[in-house]
Amino acid sequence: MDSSSSITVKNTVVNRSLKIESIGESNGVLSVSVQNVSDQDIEYCVLKCHVDDKEASFSFSVLPKNERAVALEMNGLPYQKDMKFSLWSMENRVDFAQEISLYDDVFDVKCEGNYIEIKNKTQNDISGKIKICYKNLQSQTLYGSDAYLLSVDGLKRGETKQIFSRYLDSEKSRVIYIKYDQ
């Protein structure tokens with residue numbers, strides 16, 4: 001368990017997995033920016049610490065290795081100057097069973113407006129569900145614990161389909177991984 005006694009916790013690594021890059025606020029709520037420095041893609045985890053006499057919790061989902069993410073404190077803890085941080089820990093960590101991928105050799109995928117466009121680049125039909133996971137961004141950093149999963153039923157060779165999502169904004173969202181039966 002890593003700890004720090006003041007707001008200067010930058011570069012603290014918690015459980016050899018999450019490197020704290022900065023602490024700040026968003027709309028008055030305490031936020032933390034981290035990088036996954038482990039050798040695994042993290043499906044979900046909760047980062048906790050003591051802030052003065054309170055406990056703060058931050059949840060992260062779909063955090064690929066070497067990626068950065070920012071999250072707000074789960075209970076809306078207000079940010080204040082001169083907060084003291086200690087006893088950093090990680091709980092409820094779940095890693096992906098296999099490495100996540102965009103399968104660039106199989107698909108072209110891009111965000112357009114409120115749509116994800118996916119194209120089968122191969123000479124073979126792909127049957128079954130194709131699942132596409134995307135996350136929203138804050139200044140090009142993965143934002144919060146919300147990850148969105150969309151799906152399409154198969155793609156014929158060379159076929160392109162668009163999938164609508166009201167939470168998608170092509171300028172503030174990024175596809176993280178694709179899952180399909182190979």
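Does Tyr180 count as buried or exposed? Tyr180 counts as buried, at 14% relative accessibility, since the cut-off for buried is under 20%. The views below show a predicted model.

**View 1. Phe107 and Tyr180 form an edge-to-face aromatic pair.** The ring centres of Phe107 and Tyr180 are 5.1 Å apart and the planes stand at 90°, so the pair is edge-to-face. Phe107 belongs to strand β8 (residues 107–112) and Tyr180 to strand β13, and the pair links distant parts of the chain, 73 residues apart. Phe107 is buried, with a relative accessible area of 1%. Together with Tyr103, the residues Phe107 and Tyr180 make up one aromatic cluster. The whole structure contains seven aromatic pairs.

**View 2. Tyr148 and Tyr167 form a stacked aromatic pair.** Their centres lie 5.2 Å from each other, with 15° between the planes. Tyr148 is in strand β11, while Tyr167 is in the loop between β12 (160–164) and β13, so the pair ties together parts that are 19 residues apart in sequence. Tyr167 counts as partly exposed, at 44% relative accessibility.

**View 3. Seven strands form an open sheet.** The strand order is β1-β2-β3-β6-β11-β10-β13, and the pairing is mixed. The edge strands, β1 (13–14) and β13, each pair on one side only. Within the sheet, β10 and β11 (residues 141–155) run antiparallel and are joined by 10 bridges. Leu137 stands opposite Leu142, a residue of β11.

**View 4. The largest nonpolar core has 31 residues.** Among the residues with the most contacts inside this core are Leu18, Leu30, Val32, Phe58 and Trp88. Elements that give two or more residues to the core include β2 (18–26), β3 (29–36), β5 (54–63) and β7 (85–95). A second, separate core has 19 residues, including Tyr103, Ile130, Leu168 and Ile178. In soluble globular proteins, nonpolar side chains tend to be buried together.

**View 5. Ile42 is a buried residue of strand β4.** The relative accessible area of Ile42 is 0%. Leaving aside residues up to four places away in sequence, Ile42 touches Leu18, Asn36, Ser61, Val62, Leu63, Arg93, Val94, Asp95 and Phe96. Ile42 and Phe60 are 18 residues apart in sequence, and their C-alpha atoms are 8.4 Å apart in space. Phe60 is one of the residues with the most contacts inside the largest nonpolar core.

Technical notes
Residues are numbered from 1 along each chain as its sequence is written. This is a predicted model: local features need pLDDT of at least 70, side-chain atom pairs count only at pLDDT 80 or more; totals for chains, interfaces and linings use all residues. Side-chain values use heavy atoms; hydrogens and water are left out. A nonpolar core is a set of buried Ala, Val, Leu, Ile, Met, Phe, Trp, Tyr and Cys residues joined through side-chain atoms within 4.5 Å. Buried means under 20% relative accessible area, exposed over 50%, partly exposed in between (1.4 Å probe, protein chains only). Helices (H or I, at least four residues) and strands (E, at least two) are DSSP runs, numbered from the N terminus. Two strands pair if DSSP finds at least two bridges between them. Contact means heavy atoms within 4.5 Å. Rings of Phe, Tyr and Trp (its six-membered ring) pair if their centres lie within 6.5 Å; planes under 30 degrees apart count as stacked, over 60 as edge-to-face and the rest as tilted.
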